[in-house]
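Hello,

Here is the structure I promised to pass on to you. Have a look at it first, and then read my notes below.

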Amino acid sequence: GSVFNNAVQFSLGHTEQHVAEALVQWLHEYGCEADTRPHETGIYVVGNSTHLADFLVTHCGSGAGNKRIPWALITGYEQLVFDDLMSGDGCLASTSLEQWHSFTTISASLAADVQLLGSTLGMRSGIGKRPGGHVSIEGRLCTTQVSYSVQTRYEGKAVKIRPGKHGVGVM
């Protein structure tokens, strides 16, 4: 999602109408005016709330390249957050030999956070960096930014994150 003026905006694909409807309902329950707006490649969900916009900027960062996981807020919900991240900008990839999660972002800090989140859930992972440039996406010529791809695989040994040792949540 992103923040502009007094609103938050979430971009979803055309096939995610059910997610858009659930998000609008959640925003209404939170007390926001919210609606959906179609766009060329999907659906925008827009919620008007300065409080929510300020909260997201404070805890999750501002701008696509500066996103992060709000560690102090997700304690006890690591698997839920991981699953939600994968259902958004991630996917489950596989070969005949193995399966792994792949998550792509232009935020180096979010990529590092997703890698750390995976380790708390017993996964091994690595981050690949892709150069930006001109590409064709569904027939449209696009200019892309540098992006980071986090690949995670289950190892079965969860790692307990200790804020003092790992610097998580330290401002």
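Predicted model: local features only at pLDDT ≥ 70, side-chain atom pairs only at ≥ 80, totals over all residues.

Is His18 buried or exposed? Its relative accessibility is 55%, and because exposed means over 50%, His18 counts as exposed.

Next, a residue in a strand. Thr36 belongs to strand S3, residues 33–39. With a relative accessibility of 34%, Thr36 counts as partly exposed, since that class lies between the 20% and 50% cut-offs. Once its neighbours within four places in sequence are left aside, Thr36 touches Ala20, Val24, Ile43, Tyr44 and Val45. From Thr36 to Gln9 there are 27 residues along the chain, and their C-alpha atoms are separated by 9.5 Å.

Now for a pair of helices. How do H4 and H5 lie relative to each other? The axes of helix H4 (residues 78–89) and helix H5 (residues 108–120) come within 10 Å and cross at roughly 135 degrees. The two helices are therefore oblique to each other, and their crossing is left-handed. On the H4 side, the contact is made by Glu78, Val81, Phe82, Leu85 and Met86, while H5 contributes Val114, Leu117 and Thr120. Sorted by type, the residues of this contact are six nonpolar, one polar and one charged.

Which residues of H5 are buried? They are Leu110, Ala111, Asp113, Val114, Leu117, Gly118, Ser119 and Thr120. As a reminder about helices, an α-helix has 3.6 residues a turn, so residues three or four places apart point the same way. The cover over the buried residues of H5 includes helix H3 (71–74) and H4, together with strands S6 (99–105), S7 (123–130) and S10 (147–154). After H5 comes Gly122, which has a positive phi near 85 degrees.

I hope this helps you find your way around. Do write back with any questions.

Best wishes

Technical notes. Residues numbered from 1 in each chain as written. Heavy atoms only, no water. Axes fitted to C-alpha atoms, helices over the stretch in contact; angles between N-to-C directions. Helix = DSSP H or I, 4+ residues; strand = E, 2+ residues; numbered from the N terminus. Parallel < 35°, antiparallel > 145°, perpendicular 65-115°, else oblique. Left-handed = near helix turned anticlockwise from the far one by under 90°. Contact = heavy atoms within 4.5 Å. Nonpolar A, V, L, I, M, F, W, Y, C, P; charged D, E, K, R; others polar. Buried < 20%, exposed > 50% of the residue type's maximum accessible area, 1.4 Å probe, protein only.
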